[in-house]
Every structure is written in structure tokens, then in C-alpha cells.
Amino acid sequence: MATARTPRGSWIAAGLQALTSGGVEAVRIELLAKALGVTRGGFYWHFADRQALLEEMLDAWEGDATTALIEKVEAAGGDARTRLQRLFTVAASGDGLLTDIFTDFAIRDWSRREPAVAERMRRVDNRRMDYLRELFGEFCADPDEVEVRCTLCFMVWIGNRLLDVDHGERGPAEVMELIQRRLLQ
């Protein structure tokens, strides 16, 4: 009787979860095997070493948090404002995505110490900004205005999870709605 192997994707997902909760140092083969309820030997059916897993984790993150996100937004169509609203909703929810903003934070932290990861982060951020420029550019004629809106949008997406402030009588969701309305004017 053949034994079932733990799928490659399970190792990648477990690695991303470990990265998100404990940083790159927490991505250790023996800990991932334990979390998956398997032996370390199963790891080597799919990956030559830990570095190979780390590279595939970055590939999965990039594909999921950028390519798949853009494809999801574009698939439903609509004008630029409609697609931006959908982007805000999908990015905030993480709906159907393998990774979320906290995975992004963990990779940003890792990139501060690892030049190759920093280069990947820069490439991903530039791709995200290019997509925002494309969308905002459809209804903003002024290139300076496009750049400001893109930068503010990106900064709000990242910074919103880092702030723990009171908004007077408004809740955080209401403030985010106000920000989105302002960006889409």
C-alpha cells in the first residue's frame, strides 16, 4: 500500500504560517513537520533544503498577494473606481487568499535583513503601485494626483493595521470608508 505524501502546498502554507507568526527563524523543517503531523523525511520529497522552501514561499506569497489579487479584481470587470473598491474590499478581507497583510509584514521584516528578499519586496511593491497607477490613471488626468493617490492608498493599506487610535465618534471601518471615498473622488 502506497503511503500518502504531504502535498508540497501544505509545506508552503505551513511555512508561510510559521513566518507570519514567528519570523523567518521560525521556518524550520522539524517544526513544520511537527505542525503538519508528519516526519521531516517527507519534506525532502518536495524540497532540496530549507532555502528551496523559503524561495517557494516567496513565490507563493508574490503570486497570491499580487497576481491572484489583481486577477480577482479584474475578473469581475467594471470601471476603474469599481475595480478600486473591489481591490480595497478583497485586500482588506484576504478572502480566498493564502496570505494576508500580516504575512506581508513578516516578509517586510525579513527583507530588512536579507537583500534578495528586499529586492523581491521592492519588485512586488512596484508591481502593486503600477496597478494602482493604472487604475487611478483612468480617472485622474494629473500624474502628480495619480502618484499621491497611489501612495496614500498603499500607505493606508499598510498603516491601517499598525494604528490603534480612537477616531472620535467614528469607528475604524467608518474612517476607512471615508478614506476610500476621498481617494475615489
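I take contact, or touching, to mean heavy atoms within 4.5 Å.

I am working with a predicted model, in which local features need pLDDT of at least 70 and side-chain atom pairs count only at pLDDT 80 or more, while totals for chains, interfaces and linings use all residues. I number residues from 1 along each chain as its sequence is written, and side-chain values use heavy atoms, with hydrogens and water left out.

**Ser111.** I started with Ser111, which lies in helix 5. I take helices (H or I, at least four residues) and strands (E, at least two) as DSSP runs, numbered from the N terminus. Leaving aside residues up to four places away in sequence, Ser111 touches Val117, Ala118 and Met121. Its relative accessibility is 13%, so Ser111 counts as buried; the cut-offs are under 20% relative accessible area for buried, over 50% for exposed, and partly exposed in between (1.4 Å probe, protein chains only).

**Overall.** I then looked up the whole protein. I find eight helices and zero strands, and the elements run α-α-α-α-α-α-α-α from the N terminus on. The C-alpha trace spans about 60 × 35 × 35 Å along its principal axes. Of the 185 residues, 40% count as buried. Among contacts with a separation of 6 or more, 64% come from residues 24 or more positions apart.

**Helix 5.** I went back to the helix that holds Ser111. Helix 5 covers residues 101-111, and nine of its 11 residues are buried. The buried ones are Ile101, Thr103, Asp104, Phe105, Ala106, Ile107, Arg108, Trp110 and Ser111. I asked what covers them, and the cover includes helix 1 (8-22), helix 3 (50-75), helix 6 (115-137) and helix 7 (143-159). At the N-terminal end, Asp100 caps helix 5, with a side-chain oxygen 2.9 Å from the backbone nitrogen of Phe102. For a polar contact I require a pair of N or O atoms within 3.5 Å; within protein, one must be able to donate a hydrogen and the other to accept it, and residues adjacent in sequence count only if both atoms are side-chain atoms.

**Helix 1 against helix 5.** These two helices pack at an angle of about 75°, with their axes 8 Å apart. The axes are lines fitted to C-alpha atoms, for helices over the stretch in contact, and angles run from 0 to 180 degrees between N-to-C directions. Helix 1 and helix 5 are therefore roughly perpendicular, a term for angles of 65 to 115 degrees. On helix 1 the contact is made by Leu16, Leu19 and Thr20, and on helix 5 by Phe102, Thr103, Ala106, Ile107 and Trp110. By class I have six nonpolar, two polar and no charged residues there.

**Arg83.** I checked Arg83, which lies in helix 4 (residues 80-93). Arg83 counts as buried, at 7% relative accessibility. Not counting residues up to four places away in sequence, Arg83 touches Val73, Glu74, Gly77, Gly78, Glu134, Leu135 and Glu138.

**Pro172.** Pro172 lies in helix 8 (residues 172-183) and is exposed, with a relative accessible area of 54%. Its C-alpha atom is separated by 8.8 Å from that of Asn160, 12 residues apart along the chain.

**Record.** Last, I looked up the unreviewed UniProt entry, which annotates residues 5-65 as "domain: HTH tetR-type". In the model that span is 64% helix and 0% strand, with its end C-alpha atoms 27 Å apart. I find the span 28-47 to be 40% helix and 0% strand, with end C-alpha atoms 13 Å apart. I note that such annotations may be inferred rather than shown by experiment.

Note on methods
Angles under 35 degrees count as roughly parallel, over 145 as roughly antiparallel, 65 to 115 as roughly perpendicular and the rest as oblique. Ala, Val, Leu, Ile, Met, Phe, Trp, Tyr, Cys and Pro count as nonpolar, Asp, Glu, Lys and Arg as charged, and the others, Gly among them, as polar.
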